[in-house]
Amino acid sequence: MTTQPLTFFHFPGACSQAVYVGLEEAGATYTAQAVNLITGAQKAPDYLKLNPAGQVPALGLPDGQVLSEASAILFWLAETHPAAALLPADALGRARVLEWMSYAAYSLHAVSGPIWGPERYLADPAAHAEIKAGAEQRYRNGLALAEARLGAGPWLLGDNFSIADCHLLPFWHWAQRWKFDLAAFPNLAAWHARMSARPSVIKVLAAERAALKALLAK
């Protein structure tokens, strides 16, 4: 069990939200530090020393090491806070967790870039609408796969809540933010309603709203 404070680097609403919820679910002792992606603070030299990828999330460990990538951080949290039971004990169950997180990383996160900013991928403005539309369709396809895999739930692994649930959360929020028609995903909508009622999620969303307000005020 890790008792020393951790330093959590995040940006409100980014994929780091998954780790934020994981920290709360684990009962970890941590301080949260918002990295202003709006002003490019993730590319500042001091931050690049922590995470050379220039991204969030990152987690500073008590011994001075830094972990990056949401799935890796969540797995570490689950391993070091076993009382929270965020990972199954059996090998197949743990593999299912990695299966879900790999799916979210590659079927959702990896295709989201052109939705956020197609101009980062093609210089020709005439092509932006087409590349964005293609990415949106791939994202919907990813949600459809999650919808089918989830079934009745209640959680991604059935009756047992895990770090996989934490990991998927921001990707549903992104679809809401983009104003996707989500009527075709009733299982995911019901899962999100259950997630939204968890104290960890309520606390994190409030903290993110406050952090974003503070960043925008600077």
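**Contacts, Burial and Overall Form of the Predicted Chain**

User: Which residue meets Arg96 in a side-chain salt bridge (2.8 Å, N to O)?
Analyst: A salt bridge is defined here by a side-chain nitrogen of Lys or Arg within 4 Å of a carboxyl oxygen of Asp or Glu. The partner whose side chain meets that of Arg96, at 2.8 Å from N to O, is Glu99.

User: What kind of model is this?
Analyst: Residues are numbered from 1 along each chain as its sequence is written, and side-chain values use heavy atoms, with hydrogens and water left out. Local features need pLDDT of at least 70, side-chain atom pairs count only at pLDDT 80 or more, and totals for chains, interfaces and linings use all residues, this being a predicted model.

User: What does Arg96 count as at 40% relative accessibility?
Analyst: Residues are buried under 20% relative accessible area, exposed over 50% and partly exposed in between (1.4 Å probe, protein chains only). Glu99, at 33%, is partly exposed. Arg96 stands at 40% and therefore counts as partly exposed.

User: How many residues apart are Lys203 and Glu24, which link distant parts of the chain?
Analyst: Lys203 is partly exposed, with a relative accessible area of 48%. Its side chain and that of Glu24 meet in a salt bridge of 3.4 Å, N to O. Lys203 belongs to helix α9 and Glu24 to helix α1, so distant parts of the chain are linked across a separation of 179 residues.

User: How far apart in sequence are the parts that Glu25 and Arg198 tie together?
Analyst: Glu25 is buried at 18% relative accessibility. The side chains of Glu25 and Arg198 form a salt bridge at 2.8 Å, N to O. Because Glu25 sits in helix α1 and Arg198 in the loop between α8 (186–196) and α9, the parts tied together have a sequence separation of 173 residues.

User: Which pattern does the chain follow when read along the sequence?
Analyst: Helices (H or I, at least four residues) and strands (E, at least two) are DSSP runs, numbered from the N terminus. The chain contains nine helices and four strands. Along the sequence, these elements follow the pattern β-α-β-α-β-β-α-α-α-α-α-α-α.

User: What radius of gyration does the chain have?
Analyst: Along the principal axes, the C-alpha atoms fill a box of roughly 55 × 45 × 30 Å. The radius of gyration is taken over C-alpha atoms, and the globule rule is 2.2 Å times the number of residues to the power 0.38. The chain has nine helices and four strands. For its 218 residues the rule gives 17 Å, so the chain is as compact as a globular protein of that length, with a radius of gyration close to that figure, at 17 Å.

User: What share of contacts between residues at least 6 apart joins residues at least 24 apart?
Analyst: Contact means heavy atoms within 4.5 Å. Of the 218 residues, 46% count as buried. Among contacts between residues at least 6 apart in sequence, the share that joins residues at least 24 apart is 67%.

User: How many residues apart in sequence are the parts that the Tyr20 and Tyr30 pair ties together?
Analyst: Rings of Phe, Tyr and Trp (its six-membered ring) pair if their centres lie within 6.5 Å, with planes under 30 degrees apart stacked, over 60 edge-to-face and the rest tilted. The whole structure holds twelve aromatic pairs. Tyr20 and Tyr30 form an edge-to-face pair, 6.1 Å centre to centre with 85 degrees between the planes. Tyr20 lies in helix α1 (residues 16–26) and Tyr30 in strand β2 (residues 30–34), so the parts tied together are apart in sequence by ten residues.

User: Which residues is His128 in contact with, leaving aside its neighbours within four places in sequence?
Analyst: His128 lies in helix α6 (residues 128–150). Its relative accessible area is 16%, so His128 is buried. Leaving aside neighbours within four places in sequence, His128 is in contact with Pro118, Glu119, Leu122 and Ala123.
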